[in-house]
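Dear colleague,

Please find below the structure that I am handing over to you. My findings follow it, and I would ask you to read them with the structure open.

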Amino acid sequence: MDLEQLTASVVKLAQATGSFIRAEGAIFDASKIEYKGLNNLVSYVDKTAEERIVAGLTSLLPEAGFVTEEETINKTGEVFNWIVDPLDGTTNFIHGLPTFSVSIALQQNDELVLGVVYEVNRDECFYAWKDGGAYLNGRPIFVSSNEEFPQSLIATGFPYYDFEKLEEYINVFRELTKVSHGLRRVGSAAVDLAYVACGRFDAYFEYNLNSYDIAAGMVLVREAGGEATNFAGGPETFNSREILAGNKKLNEKMREVIGKYFN
């Protein structure tokens with residue numbers, strides 16, 4: 001399989017889907033919002049975008065299965081599975097805030113081998129494939145080399161429906177706020193990871209995430225020279241539903257802080 005060529009095709013599909021989302025955003029009617037759970041929003045835009053992505057990916061790799069946020073398809077592949085979030089940042093989209101993205105990753109057996117994140121409003125496409133490096137609109141990107149908190153800008157995601165670890169999270173937030181340039185909450189985990197991959201953010205941490213939130217971004221970070229692990233530093237992020245991403249040295253310092261509050 002030519003992963004570079006496949007990535008190029010996925011980039012075009014993500015950009016086309018992003019154009020659809022952008023056009024719908026200009027005329028979106030908030031009365032069309034649906035609730036999947038507490039503060040878990042979805043719209044016809046998410047579902048239609050996912051259907052378009054699934055159709056496009058099926059034509060590229062017919063034998064592959066899917067893990068998708070909106071579950072518009074039920075198919076598991078023996079070797080290959082696409083992991084798709086058609087609109088990461090739905091709450092931003094619904095409220096007219098500018099940061100949301102299309103996120104597509106390919107998993108071969110248990111290994112992530114391709115990732116594309118298209119940030120819709122800035123028309124920025126981040127993409128990477130196994131051993132091929134990471135890119136933003138054709139330009140190679142790399143994680144920040146900053147190893148110290150006083151020069152760092154850190155991304156996170158606030159808990160919005162699972163509040164069991166809210167106190168632990170607030171403690172981490174409080175400690176990092178005091179020693180860094182600050183913390184940012186963009187509202188799209190895929191974009192957070194893409195920004196880590198290109199060095200805009202020095203580190204990113206969040207808990208209670210799904211595979212489709214982070215799969216593509218993890219490929220970006222790793223191919224950009226960084227690491228994406230769970231809070232303990234292990235490789236399993238999907239089952240633990242938590243992620244820490246950045247360069248190795250700063251991640252070590254992040255784990256020291258996070259480890260005080262998260263077991």
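**A buried threonine**

T229 has a relative accessibility of 7%, so this residue counts as buried, the limit being under 20%. Please bear in mind that the model is a predicted one. T229 belongs to strand β13, which runs over residues 227-229. If the neighbours within four places in sequence are set aside, the residues in contact with T229 are G234, T237, E242, I243, L244 and R255.

**A partly exposed isoleucine**

A second residue may be read alongside this one. I73 sits in the loop that joins β3 (65-68) to β4 (80-88). Its relative accessible area is 26%, so I73 is classed as partly exposed, a class that lies between 20% and 50%. Apart from neighbours within four places in sequence, I73 is in contact with V54, F66 and T68. From I73 to W129 there are 56 residues in sequence, and the two C-alpha atoms are 25 Å apart in space.

**The protein as a whole**

The protein contains 7 helices and 14 strands. Its radius of gyration, 17 Å, is close to the 18 Å that the globule rule gives for 263 residues, so the protein is as compact as a globular protein of that length. The C-alpha trace spans about 45 × 45 × 30 Å along the principal axes.

How much of the protein is buried? Of its 263 residues, 56% count as such. As for contacts with a separation of 6 or more, 61% are made by residues 24 or more positions apart.

**Helix α5**

Helix α5 covers residues 189-197 and is mostly covered, with 9 of its 9 residues buried. The buried residues of α5 are A189, A190, V191, D192, L193, A194, Y195, V196 and A197. In an α-helix there are 3.6 residues a turn, so residues three or four places apart point the same way. After α5 comes G199, which has a positive phi, near 90°.

Rolling a probe the size of a water molecule over the atoms shows where empty space is left.

How many cavities of 30 Å³ or more does the structure hold? There is 1 of that size. The largest cavity has about 60 Å³ of space. Its lining is formed by G157, F158, P159, Y160, D162, E206, Y207 and N208. By type, the lining residues of the largest cavity are 4 nonpolar, 2 polar and 2 charged.

The second largest pocket holds about 310 Å³ of space. It is lined by 13 residues, of which D110, E111, L112, M218 and R222 are the closest to its centre. Two or more lining residues are given by each of the elements β6 (111-119) and α6 (211-223). Which element provides the largest share of this lining? It is α6, with 4 residues. The lining of the second largest pocket divides into 5 nonpolar, 2 polar and 6 charged residues.

With kind regards

Key. Residues are numbered from 1 along each chain as its sequence is written. This is a predicted model: local features need pLDDT of at least 70, side-chain atom pairs count only at pLDDT 80 or more; totals for chains, interfaces and linings use all residues. Side-chain values use heavy atoms; hydrogens and water are left out. On a 1 Å grid over the protein atoms alone, a cavity is a set of points where a 1.4 Å probe fits but cannot get out, and a pocket is an open set with protein on both sides within 12 Å along at least five of seven lines; lining residues have an atom within 4 Å of a point. Grid points are joined across faces, edges and corners, and a volume is the space filled by probe spheres set on the points. Ala, Val, Leu, Ile, Met, Phe, Trp, Tyr, Cys and Pro count as nonpolar, Asp, Glu, Lys and Arg as charged, and the others, Gly among them, as polar. The radius of gyration is taken over C-alpha atoms; the globule rule is 2.2 Å times the number of residues to the power 0.38. Buried means under 20% relative accessible area, exposed over 50%, partly exposed in between (1.4 Å probe, protein chains only). Contact means heavy atoms within 4.5 Å.
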